[in-house]
Amino acid sequence: MVERAEFQSYYGRPILKEPAWRQPDVPLYLFLGGTAGACATLGALAEPTGRPALARSTRLVAAGAAGASVLALVHDLGRPSRFLNMLRVFKPTSPLSVGSWILAPFSGLTAVTAALEVTGRLPRIRKLTGAAAGVLGPAMCTYTAVLLSDTATPAWHEARHDLPVLFAGSALASGAGAALLATPPAQAGPARRIGLAGAAAELVAERRLEQRLGVVSETYRTGRPGRLLRAARVLTAAGAGLSLAGRRNRLVSAAAGTAYLAAGLCTRFGVYGAGVASARDPRYVVIPQKACQQARPPV
Amino acid sequence: MTRMGFFTDTSVCIGCKACEVACKEWNLLPDDPPPDLLGMSYDNTGALGASTWRHVAFIEKPAPVELGMPAMGDTGGGTDEPGVQWLMSSDVCKHCTHAACLDVCPTGALFRTEFDTVVVQQDVCNGCGYCVPACPYGVIEKREDDGRAFKCTLCYDRLGSGLQPACATACPTDSIQYGELDELRERAAARVATLHDEGVAQARLYGHDPADGVGGDGAFFLLLDEPEVYGLPPDPVVTTRDLPGMWRTAAKAAVGVVAAVALAFVGGRR
């Protein structure tokens, strides 16, 4: 047991402001955006490899999740009527600007692809829009990690090397989960495999967050965020195990999908909550910054 | 235009809060949430926020009285009772050289003025709130009933008319000094040297160094204790300094997603 480090503060008050985003809007957005991204890419490859059921289910999920994620983002704005101001400029220094320019075409393309999938019309256009959405999908999976890391919030900024891997893994597992839930096992092979890959990446990255960020790692291990992330680990492992057991059983396969989706929700809310906790307590600002200062040679 | 800024010399702050009041009056800032007794010495304001653009911090410490600092208490009556020494400091937006709030603003509502200050254009801000967690000093904040983000403008409207910011104008002790940043830095260095000569060894500048993590502050301070004692981060860094690396890591992770999905289709017949 390491003794809690001493530090000074102004009456224990926070130095930083808590993230101004609302819960559940933004953690939900992270979950939906990642799921949509992974599903769009799955869908793009499912059609040319002769898995029409997988293509259909993943494209419908991608469109639904992308649409819902846009709603969550607009709802989170202080002035929702000004949401188009997001596309007023393109700023590479603002992950939210870059993200808006990814999300806008992505949600449009997934919506058109899903509409054509349902109506069965214009198959060549469908292939084209589906492929374009599939290309944007991976960016949807990982840009949100930069969105969180590019803040002064200690738990997110210190996690900048691991969050993209965690979010990529979580998106793959959640996308796989949606596909397993909505696709007959006979065509769900690729979904099972990306679920396993995603689960592995997620478990490794989560471990690093909990161990390697110094004092800030506390926020990922303790309190509600810690409980959510532990639940995420159990659910991810359960999803992986069930997906292997359910190769021929629709029900078991669906249970695996549900476990993956629940794990994705727990991960996103856990990471978000750790950020809030790290902004609330000045120890996560003062202790790491003092250590940085002392590590530098005196001028 | 030359860069304009604030030098807040806390060694002569008397905690009158004239700056807080002048700022509220000039900028027509609304009430803060219902007033409360915070139990933090004479500070019932608490922190900078959407409607508090100057905030006076009060720290009461047992006094080594011979410093000649504002002090009170029975120290001369032959008892060993310690006196009280106050640290008082008027905090404000730092108008960073490398301003994270400005960098991350997706609408371009935050911009750099001709005075090298950082200001929100309220008719453009859509209340996304990204600037709030981006600020390494915890300054900018969303006004809940309004939805948009607000912070100190360094009285942009007054500067244009050749006036000083309201807080600096109202400060009775010249603790808040407004002027050309280069000149303020020279003045501050001289003031620290004077204080050191007078035996106030703990006097130090904060935010004056262009080589620090935010490229130096347009509003910097002379403090009499560690920054965190005043609620200031000891070694702030503009988050976007690490952004190129973050984009690279995210791009690699995205390639990983492509590879994982592609392999999943190659890797089996079903």
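Which hand does the crossing of α2(A) and α6(A) have, left or right? Here are some notes to read beside the model; the answer comes in point 2.

1. **Ground rules.** This is a predicted model, in which local features need pLDDT of at least 70, side-chain atom pairs count only at pLDDT 80 or more, and totals for chains, interfaces and linings use all residues. Residues are numbered from 1 along each chain as its sequence is written, while chains are lettered from A and ligands numbered from 1 in the order in which they are written. Helices (H or I, at least four residues) and strands (E, at least two) are DSSP runs, numbered from the N terminus.

2. **α2 against α6 in chain A.** Two packed helices are described by the angle between their axes and the distance between the axes. Helix α2 (residues 52-76) of chain A and helix α6 (residues 163-182) of chain A have axes that come within 9 Å and cross at roughly 125 degrees. Axes here are lines fitted to C-alpha atoms, for helices over the stretch in contact, and angles run from 0 to 180 degrees between N-to-C directions. α2(A) and α6(A) are therefore oblique to each other (under 35 degrees counts as roughly parallel, over 145 as roughly antiparallel, 65 to 115 as roughly perpendicular and the rest as oblique). To settle the opening question, the crossing of α2(A) and α6(A) is right-handed; a crossing is left-handed if the near helix is turned anticlockwise from the far one by less than a right angle, and right-handed if clockwise. On the α2(A) side the contact uses A:Leu54, A:Ser57, A:Thr58 and A:Val61, and on the α6(A) side A:Ala178, A:Ala179 and A:Ala182. These residues divide into five nonpolar, two polar and no charged (Ala, Val, Leu, Ile, Met, Phe, Trp, Tyr, Cys and Pro count as nonpolar, Asp, Glu, Lys and Arg as charged, and the others, Gly among them, as polar). Two residues are in contact if their C-beta atoms, placed from the backbone, lie within 7 Å.

3. **α6(A) on its own.** With 20 residues, α6(A) reaches 28 Å from its first C-alpha to its last, close to the 28 Å expected at 1.5 Å a residue (the expected span is 1.5 Å times one less than the number of residues). Of the 20 residues of α6(A), 19 are buried, so this helix is largely enclosed by the rest of the structure. Buried stands for 20 or more other C-beta atoms within 10 Å of a residue's own, exposed for 12 or fewer, and partly exposed for the range in between, with C-beta atoms placed from the backbone.

4. **α9(A) and its packing.** Helix α9 (residues 223-245) of chain A has 23 residues that should span 33 Å at 1.5 Å a residue, and its end C-alpha atoms are 33 Å apart, which agrees. Its buried residues include A:Leu228, A:Leu229, A:Arg233 and A:Leu242. The buried residues of α9(A) pack against α6, α7, α8 (218-221) and α10 (250-280) of chain A.

5. **Where chain A meets chain B.** The contact takes 67 residues from chain A and 55 residues from chain B. On the side of chain A that touches chain B, the largest share, eight residues, comes from α4(A). That side of chain A divides into 37 nonpolar, 20 polar and ten charged residues.

6. α7(A) and helix α7 (residues 243-266) of chain B pack at about 140 degrees, with their axes 8 Å apart. They are therefore oblique to each other, and α7(A) passes α7(B) in a right-handed crossing. A:Pro190, A:Arg193, A:Ile194, A:Ala197 and A:Gly198 meet B:Ala260, B:Val261, B:Ala264 and B:Phe265.

7. **Chain B overall.** Chain B has seven helices and eleven strands, and its C-alpha atoms fill a box of roughly 95 × 45 × 40 Å along the principal axes. Buried residues make up 48% of its 270 residues.

8. **Backbone spots to check by eye.** Most residues other than glycine have a negative phi, and most peptide bonds are trans. B:His95 has a positive phi of about 45 degrees and lies in the loop between β4 (83-92) and α2 (100-104) of chain B. With 31 C-beta neighbours inside 10 Å, B:His95 counts as buried. B:Lys17 has a positive phi of about 65 degrees, and is buried too, with 22 other C-beta atoms within 10 Å. The peptide bond from A:Gln23 to A:Pro24 is cis, with omega near 10 degrees.
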